[in-house]
Amino acid sequence: MIERIDAIIIGAGHNGLVCGAYLARSGLKVLFLEARDAVGGMTSESTIDDDFHIAGLAHTSFPVCAKIRKDLRLEKFGYSAGKGIETITLQEDGRHLRFGRNTVSGPDLTDKDVDAYRHFKDEFFGYAKAMRPMFATRPPRLKNMDFADKMTLAKLGWNIRFGLGRESMYEFLRVAAINIYDVLEEEFEDERLKGALAADAVIGHHMGPRSPGTVLTWLARLHAELNGPLSVVSGGPSQMCNALLQAVEASGASIRTGARVKKILVDKGKAFGVELEDGEIVKAKTIVSNADPRSTFLELVGAPQLDATFIQRVTQIRGAGDVAKLHLALSGTPEFLGLSASELENRLLIAPTMRYVEHAFNDAKYARYSEQPVLEITLPSLHNDSLAPRGHHVMSVNIQYAPYDIDGGWHEQKTTFAYKIIALIGKYAPNLKSLIVDHEFLTPQDIESRYNVRQGHWHHGEMTIHQSFMMRPVHGAAQYNTPIDGLYLCGAGAHPGGGLTGLPGHNAAQRILESGIAK
Amino acid sequence: MSIPNDHFRQAIQHTPFHARLAALTQTEEWTVWNGCMAPRVLDKLSTEYFAVRSSCSVMDMSPMEKYRITGADAYRFLDRLLTRDLSALRPGRVTYVVWCNDEGKLIDDGTLFQFGDGDYRLCSQHHQFDWLMTSAMGFDVNIEVETHDVAALAVQGPTSYSVLTEAGIAGLEDLRPFGIANLSCQDFPVVVSRTGYTGDLGYEVWVSPENALPLWDAIFSVKSRYDVHAIGLSTLEMVRIEAGFIMPGFDFNTAESTVRANFDRSPYEVGLGWVVNLDKGQFTGRKALVAESKRPAKRRLTKITIEGNKPVGEAFIYNKKGGKLVGEIKCAVWSPILKANIALADIEYIGGALPKKLWARLDYQRELKWMSAWAECRPTNKPFYSPDHRSATPPSRL
Ligand SMILES: Cc1cc2nc3c(=O)[nH]c(=O)nc-3n(C[C@H](O)[C@H](O)[C@H](O)COP(=O)(O)OP(=O)(O)OC[C@H]3O[C@@H](n4cnc5c(N)ncnc54)[C@H](O)[C@@H]3O)c2cc1C
């Protein structure tokens, strides 16, 4: 007997799971088709060798927002935000700085900078709050607005004008479109402080601190920080994806892994099902894609089913990944100069100055990997001892910048680059090299093929201003709708973008449910 | 992909027939058509006009844009580009086509020739290479500009069949309207299609540029027995209106050149709904046209006959004498053969329908003095002029 299916979710990344959970809870019969053997997308666990595991390509996250937690009863299914951590920005001479929510401490830091940081964070948290109507709901259309679109804009306007107050409003409007380099240069003196903040603003993007739009990308990150402190993604039942999986299963949805969708089936502009790689056809009235927009439109739907200019726009989406990932299996605990063993549970940054970050980006602009990259380091096994054998550890490193395409090709240069990174960390942790048992190095090309994300992009597509809000991913497919009736986007390529927020999935579900035609 | 790469050396190109046209012209009335020098009138408009309608006219069409479209996805590419259902098109046949942007607004019209499986030529009024390349994203298709690689003559009029046959092109008797034949003229190959823009019996003859002048000479060698006249664009403008053919960029603004909102036009709005097939599956603009087809019609480019014999130029149309402004004339001509003023007018519909009455306000000069008059207009759906001999196969030998 063929079961009736109302909605198919292509891909069970965390956004797909959030979206599907909402749909299933509202009574739709939901089927997930996930190409990989596990759910979770870029947050799912991977194995370095049999004994060493990395909980996710994404290794740090802010708590899921209260609304999603409550709506999907995630705590009941085991979710907890994890232990809050801080960021320590490393210096070769050991004069590290340590960041809390709005505090910063470390040697040789002036009171002026400490105060400026507090004030600055509070001010920008205010902006991030003012932007909330834009992040937590579908972005308004500017043409043919409906009532909800107008409300979103009205709330945004209200928040900016009255929530912020006149002074702050002017400041917000001034900084929103400029670059983080200029803003930080105005606010602070300490190079270490500026370096760390600049790195946060550009993480995951093909942008340097001087690139336009980097204040907005930083605001998007702050918007997630409003939910609480960062924690390390370390697997186990409390991790978001595992709780989501429980929630989804409890809601009656079914999940098929190892089921790669080859085609979205369209007739006369309307989606009616999908074809899997082995030729199997599954039909449903609503198809939701957690795959990135370019894969969705160019491969799964295909140019013949879409208008010419739309295809041109999608082809031109900027979204070449620029972050590589290094996973190390270690036979012991690395020792970092100037850090105690207990401090290693934090997020460690190598971004000593803002100029360092900008110089790192220069290489990427010209299709080379950064000779001196920005690194974001965690030791997940300090948070979950099942990830490595007793006394052993795993280290997880995000490496920025590592362009998707480099001159001369990755094949030739991958190993050299991995060694350079190990040597770079070695400057801060001299015993690291002697502890390495095994390693895994993933370029954006590897990430593309392993995680099925085109060009291995962190956000499934750059978060430039022209690819954000009502233009995300492109004009003609914003608001989670697509030109194909019955086909929606719910992944990081949709508004408000990447990270482990679940917001694209949440907003897409609202959109689908309010359209009322899902069943 | 071949792009003519020396065209920039000369601002205005000469077509392969230029030597003959230059020798013939009495008026030196030239204009520029697609970057090529083209005659408006060579000697006398009325002589040229009656050549089309009562004997045989020859027009140099070489400046027409021509694209060769081949490759594994050629059909799928064209099917997604064009609004029309192409499934019935066969090798050796031609069809009239239009294409739209994503918003369902017309970019251009043209004729599509199918030579073989996966081998097509698209002819268009305006340059389309960039749009074709945009549309080719995601298709395995090869697009070559062959505008300057193929010379063409339109041989049109009641005696055109006889003239071409006498000129040494044998085998035209079986060629049906919209058919293509590979034939020869004397000792060189020609491709002949039974197509044209005049609404009369007629052919288009396609040759490689080096055979252009021999083709011309072969056709004009029958001049002692047949009345054969070279014609220019002014005649074409008259006869195409009589035939009810529209001209993108003149009768309406094409989508890619429109800046102001709603100044572009959909196929429905210019009366080309019959080339739109919403049931064939996806094509660019389909979604927008589906939506438009569900709304009441806002406007139509309408064929009208204007009473009286006052000269009609540009004019506004009202729903009654001195009434509400409902439209404007886009092109008009006094048809010598019909003895009537005929025009294409862009008319705003009222409540989804053509206004019951249409009145044109004509402003015209008599011996340099401006005058004004009201003339009633009658709409029609059919071509103004479509003689039976246009489609007879075989055509009669005259
Ligand atoms: C190197 C790297 C490091 C990162 N680090 C962090 C971090 O530390 N913190 C953070 O917050 N974010 C991080 N990110 C970003 C974060 O991982 C993503 O933004 C997030 O995973 C997006 O979630 P998603 O659910 O939208 O998509 P994904 O996680 O990409 O999931 C999409 C799913 O769809 C599936 N799929 C795709 N195509 C098909 C198909 N045809 N058929 C079936 N299934 C298909 C995929 O297999 C995948 O499971 C990082 C990204 C990268 C690349």
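The model is predicted. Chain B and chain A bury about 1,400 Å² between them, and one salt bridge is counted between the two chains. Over all chains, the count of aromatic pairs comes to 23.

**Contact between chain B and chain A**

- Each side is represented in the contact: 17 residues come from chain B and 17 residues from chain A.
- Of the area buried between chain B and chain A, 49% is on carbon and sulfur atoms.
- On the side of chain B, the residues B:D102, B:M137 and B:Q282 lose the most area to chain A, and together they make up 39% of what that side buries.
- The salt bridge is formed by the side chains of B:K287 and A:D485, at 3.0 Å from N to O.
- Between chain B and chain A there are 11 residue pairs in polar contact, counting pairs with both residues at pLDDT 80 or more.
- Three elements of chain B give two or more residues to the side that touches chain A: α3 (74-81), α4 (129-135) and α8 (286-294).
- Of the elements of chain B, α4(B) gives the most to this side, with three residues.
- By residue class, the side of chain B that touches chain A divides into five nonpolar, six polar and six charged residues.
- Helix α3(B) is mostly covered, with six of its eight residues buried; these are B:A74, B:F77, B:L78, B:D79, B:R80 and B:L81.

**Aromatic pairs and cluster**

- In chain A, A:F297 and A:F310 form an edge-to-face pair, 5.0 Å centre to centre with 85° between the planes.
- A:F297 lies in helix α11 (residues 293-301) of chain A and A:F310 in helix α12 (residues 308-315) of chain A, so this pair ties together parts that are 13 residues apart in sequence.
- Both A:F297 and A:F310 are buried.
- In chain B, B:F17 and B:W216 form a tilted pair, 5.8 Å centre to centre with 40° between the planes.
- Because B:F17 lies in the segment before α1 (18-24) of chain B and B:W216 in helix α6 (residues 212-220) of chain B, their pairing ties together parts that are 199 residues apart in sequence.
- Both B:F17 and B:W216 are buried.
- One aromatic cluster in chain A is formed by A:F99, A:Y117, A:F120, A:F124, A:Y127, A:F188 and A:W218.

**Surroundings of A:A324**

- A:A324 lies in strand β15 (residues 323-330) of chain A and is buried, with a relative accessible area of 1%.
- Leaving aside neighbours within four places in sequence, the contacts of A:A324 include A:V397, A:N398, A:I399, A:A402 and A:P444.
- A:P444 is 120 residues from A:A324 along the chain, yet their C-alpha atoms are separated by 5.7 Å.

**Backbone sites in chain A**

- The peptide bond from A:Q400 to A:Y401 is cis, with omega near 20°; A:Y401 is found in the loop between β18 (393-400) and α14 (410-428).
- A:R472 and A:P473 are also joined by a cis peptide bond, with omega about -5°, and A:P473 lies in the loop between α16 (444-451) and β20 (487-489).
- A:R73 is not a glycine but has a positive phi of about 50°; its place is in the loop between α2 (66-71) and β6 (87-89), and at 40% relative accessibility A:R73 is partly exposed.
- A:D108, also not a glycine, has a positive phi of about 60°; A:D108 is found in the loop between β8 (104-105) and α3 (111-130) and is exposed, with a relative accessible area of 56%.

How values were computed: Residues numbered from 1 in each chain as written. Chains lettered and ligands numbered in written order. Predicted model: local features only at pLDDT ≥ 70, side-chain atom pairs only at ≥ 80, totals over all residues. Heavy atoms only, no water. Contact = heavy atoms within 4.5 Å. Buried area = accessible area lost by both parts, 1.4 Å probe. Salt bridge = Lys/Arg side-chain N within 4 Å of Asp/Glu carboxyl O. Polar contact = N/O pair within 3.5 Å; in protein donor to acceptor, adjacent residues only side chain to side chain. Helix = DSSP H or I, 4+ residues; strand = E, 2+ residues; numbered from the N terminus. Nonpolar A, V, L, I, M, F, W, Y, C, P; charged D, E, K, R; others polar. Phe/Tyr/Trp six-rings, centres within 6.5 Å; stacked < 30°, edge-to-face > 60°. Buried < 20%, exposed > 50% of the residue type's maximum accessible area, 1.4 Å probe, protein only.
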